[in-house]
Amino acid sequence: MANTTALKAKLFEKMEAFKPRVQKLNKEFANVVIDKVNIGQCIGGARDVRCLVTDISYLDPQEGIRFRGKTIPETFAALPRVPGAKFEQPTVESFFYFLLTGDIPTVQQAKEVQEDWRTRSQVPQYVFDVLRAMPRDTHPMTMFSSAVLSMQRDSVFAHRYAEGMKKTDYWDPTYEDSMNLLAKLPTIAAYIYRMKYKGDVQIASNPDLDWGGNFAQMMGIPAPYDDVARMYFILHSDHESGNVSAHTTHLVSSALSDPYYSFSAGLNGLAGPLHGLANQEVLGWTQNVMKKLGGKLPTEDELKTFLWDTLKSGQVIPGYGHAVLRKTDPRYTAQMEYCLKHLPNDPLFKLVNMIYKVAPGVLTEHGKTKNPWPNVDAQSGVIQWYYGVREWDFYTVLFGVGRALGVLANITWDRGLGYAIERPKSVTTAMLEQWAAAGGRKGAED
Ligand code: AMX
């Protein structure tokens with residue numbers, strides 16, 4: 001095992017202990033049926049088809065996300081706080097240790113992750129050169145994804161694979177690439193932000209700070225933005241395997257494309273308005289409402305009219321609805337609670353709260369969406385806006401920095417457990433028509 005650290009050794013031990021469970025299922029129970037697929041699911045985006053596996057997080061439609069078996073409040077309560085630190089939130093390092101191993105780390109173990117990331121954090125100059133070569137009005141997600149992809153030349157996985165590597169070793173360079181990437185992402189994101197929106201004046205990192213704290217430092221935003229960053233990145237990290245960014249990263253990695261290719265692909269999926277870009281859309285929508293009313297808060301009736309106008313013009317209400325959730329997203333609730341504590345009188349927060357009061361009723365009356373409740377994106381922009389990050393096209397980059405924690409932990413485990421290349425079967429419309437007429441496909445399970 002190359003470059004062993006306590007975390008890496010622990011991960012190896014955990015994966016070795018886990019492997020027999022997967023091997024047994026795959027050998028002895030491979031034919032046990034766990035789901036059926038109907039035509040609606042085949043046409044409708046494979047919704048609810050149980051055909052992916054991850055142990056890092058699980059999304060219950062009613063309860064919301066659990067990270068390694070813990071709800072959001074349980075996760076935040078369990079992670080250690082840094083003794084004597086001025087901030088309230090746990091560090092991202094402690095959370096990543098938990099996500100990767102399933103164990104709550106000690107303060108010292110989390111500190112070791114911080115130290116490990118510090119040693120890997122130097123971003124190569126060519127990444128900045130790539131960013132600087134792009135037209136300055138390029139979307140920040142395009143810049144972020146390109147920066148990640150440009151570093152593929154340094155992939156440990158790609159180099160070791162080219163030299164010849166055993167399947168049982170794949171996880172090791174995947175872990176190395178993932179750690180190298182994670183260590184660099186806050187610097188890259190802050191660089192894009194300051195290059196695009198802050199006169200290209202960069203702020204040096206402070207190697208003594210944790211991941212979230214250092215990000216706030218490089219963004220140039222004082223406390224408590226460091227705590228906002230920690231909370232935000234943890235909340236956005238993982239949402240089980242089927243969402244577009246997680247699934248894309250997993251799918252691309254299953255072809256043994258290295259973590260740079262895989263995560264860059266995942267980011268490109270996150271950049272879609274039905275997925276991560278919704279947080280940008282929410283801010284655009286709410287600002288438009290405020291603008292139309294000359295900066296005033298709408299009445300509930302005025303708000304209803306705005307919501308209906310959006311729906312009648314054939315657009316979605318951004319930040320509402322979800323493919324799996326059927327209740328208010330607990331990631332929304334966690335951020336709402338933060339706002340209630342720290343910015344209860346902020347006008348934008350008041351508007352977002354009013355939308356929460358009115359939109360579920362309007363969406364229910366509209367009658368299309370299966371879930372009229374808000375998702376994570378309905379609330380996240382308010383906090384960023386309040387602390388001065390008002391360039392809302394940057395919000396999905398923030399989402400992407402957090403999402404890296406989950407998807408990179410997932411693909412490291414994918415390689416550790418030896419999961420196969422993903423290759424579902426497609427059929428033709430004529431086949432569907434034939435099976436529709438026959439009342440089902442002959443040979444399919446009832
Ligand atoms: N406003 C208006 N209509 C909506 C809606 C919303 N917020 N959410 C769903 N609908 C519509 C769908 O467009 C669909 O209409 P159609 O039958 O004409 O195509 C119908 O309701 C049924 O959709 P669904 O089964 O409830 O949702 P889905 O699983 O197909 O899609 C999602 C889920 C999130 C894409 C959808 O709710 C949506 O577009 N929401 C707004 C965008 C958003 O907030 N995205 C972020 C999600 C969280 C994330 O990934 N970051």
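Reply: Contact, or touching, here means heavy atoms within 4.5 Å. This is a predicted model, where local features need pLDDT of at least 70, side-chain atom pairs count only at pLDDT 80 or more, and totals for chains, interfaces and linings use all residues. Residues are numbered from 1 along each chain as its sequence is written, and side-chain values use heavy atoms, with hydrogens and water left out.

Let's go to Arg403, which sits in helix H19, residues 395–416 (helices are DSSP runs of H or I, at least four residues, numbered from the N terminus). Arg403 is buried but makes no salt bridge, and Asp238, the nearest side chain of opposite charge, is 5.3 Å away. Buried means under 20% relative accessible area with a 1.4 Å probe, protein chains only; a salt bridge needs a side-chain nitrogen of Lys or Arg within 4 Å of a carboxyl oxygen of Asp or Glu. For charge, Lys and Arg count as positive and Asp and Glu as negative, while His and the chain ends are not counted.

Leaving out residues up to four places away in sequence, Arg403 touches His236, Ser237, Asp238, His239, Asn243, Ser245, His275 and Arg331. With that sequence cut-off, Leu405 also touches Ser237, along with Val92, Phe95, Phe96, Leu99, Trp117, Leu182, Trp211 and Phe233.

Then there's Leu235, in helix H11 (residues 225–235). Its C-alpha is 8.9 Å from that of Arg403, though they are 168 residues apart along the chain. Leu235 counts as buried because its relative accessible area is 0%. Among its contacts beyond four places in sequence are Phe67, Ile72 and Arg331.

Definitions and conventions
Helix = DSSP H or I, 4+ residues; strand = E, 2+ residues; numbered from the N terminus. Buried < 20%, exposed > 50% of the residue type's maximum accessible area, 1.4 Å probe, protein only.
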